[in-house]
Structure formats: structure tokens, C-alpha cells
Amino acid sequence: LRLLVIGDSTVASVGMERIEDTFTFCIAQALNKRSGRPVHWRAAGANSASSGDLRDHVVPHIAGLEPTHILLSVGTNDMKNFHLISRFKREFGGLLYAVKTRFPDAKVIWTQIPDMRRFPALPEGLGRVLAARAALINIKGAQLCGERGAIAAGAFPIVDGGGFARDGFHPNGEGYRAWASHLVPYFSTGDA
């Protein structure tokens, strides 16, 4: 399997000190355990990236890998930067087209934004506002995935604050491993 993970700070491994705790590594490891097949992987992340940033500045510079699977981890910065839904539609829709055009044989999966009310760093009121914005982004993103041949993976259900890094916003290794386990069923790897 050849895994490419494209995204924002979660893919850029913000706050991680060990490669074994990074999001992309955790997904690759979970895919290997599920399928029993080797997984070659690459992370293409940019801190604070929105959908448009990934479309314009990351995807055009990915070289040397023909992925079988692509995971998009994006939308949180579109949400927290209060991008209008029309802008998200244009930029995320363009990102999906760019990825599908560049890698036509890859299965594309997008991971939706989790419940922002569960993030320890966010005050209750801000968490509620961002959760409402995330719900709108998730609805539009799922619609675009359906229209453009991608899979919208359900948002990771955060149970408690135990899976967060010190900043209370990004996951820690435990959080990334749990998120990876949640995502693996969305990958079709030919193992079933």
C-alpha cells in the first residue's frame, strides 16, 4: 500500500517529538496491522494550512509517490479562520479536483472535523461557536466528497481530554493512534 496524507498541522506533526507518535505513522501502522501488507507512506503537511493553501502550495509539489490511498486532513483552519462556506466549497472542492487529477487511481478519504466542544484548550463558548462552524464545514465537505468521488470519514468521536498534546488543541501520540484506528475502516485495502 502507498499512503499519502495531505493536511494541516496534524499532518505536519506539530508538537510531536517521536515519529512513532505522528498521525501519518499511526495510520500507516494501523493499515499494516489490518491488511498485513507493507505500507509506504508520506506526509505532506503545512502548519495552519487551509484547503486553498493545500491545493495551491502543497499538492503541486508532491513528487515521487503514486499513492493507492490519500487521506486529507483539512478543514479545521477553514473553520477557525471563519472562511465562508462558499469559500470552503470553492477551495476544498478545488483541492479534491487537484488530488483526483494528479492521482487518478488513488482512493481519496477526507477526515471530518471533530467536536470542538471537546478540545481542552477552548473555552466553552468558543467551543460551541466553533462546533457549529465545524458542523457546516462537515456537511459541505461530505457533499463535495460524494460529488467528486471521495469518501467522507465520520468525525473522530472524542471521548475525553486524554488524547491531547500539552497545547490542548492538537492530539498527542495516544490521540493519533485512536484517530488512526477510527479511520482504518474507511480504507479499502483488499484484505477482506
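Modeller: A patch joins residues with over 30% relative accessible area and no salt bridge, with like charges joined within 9 Å and nonpolar side chains (Val, Leu, Ile, Met, Phe, Trp, Tyr) within 5 Å. A salt bridge here is a Lys or Arg side-chain nitrogen within 4 Å of a carboxyl oxygen of Asp or Glu, and accessible area is computed by the Shrake-Rupley method with a 1.4 Å probe, with only the protein chains shown counting as cover for residues. The model is predicted, so local features need pLDDT of at least 70 and side-chain atom pairs pLDDT 80 or more, while totals for chains, interfaces and linings use all residues. Residues are numbered from 1 along each chain as its sequence is written, and side-chain values use heavy atoms, leaving out hydrogens and water.

The part to look at is a nonpolar surface patch formed by Phe 82, Leu 126 and Val 129, which together have about 260 Å² of accessible area. Val 129 belongs to helix α5, residues 124–147 (helices are DSSP runs of H or I of at least four residues, strands are runs of E of at least two, and both are numbered from the N terminus). Val 129 has a relative accessible area of 41% and is therefore partly exposed, a class that lies between buried, under 20%, and exposed, over 50%, with a 1.4 Å probe and protein chains only.

Two serines in loops fall into the partly exposed class as well. Ser 13, in the loop between β1 (2–7) and α1 (23–35), counts as partly exposed because its relative accessibility is 22%, and its phi is near 65°, a positive value in a residue other than glycine. Most residues other than glycine have a negative phi. Ser 48, in the loop between β2 (40–45) and α2 (51–58), also has a positive phi, near 70°, and its relative accessibility of 42% is why Ser 48 counts as partly exposed.

Glu 66, by contrast, counts as exposed because its relative accessibility is 53%, and its place is in the loop between α2 and β3 (69–73). From Glu 66 to Leu 84 there are 18 residues in sequence, and the two C-alpha atoms are 33 Å apart in space.

To sum up the part you asked about, the patch brings together Phe 82, Leu 126 and Val 129, and Val 129 sits in helix α5 with a relative accessible area of 41%.
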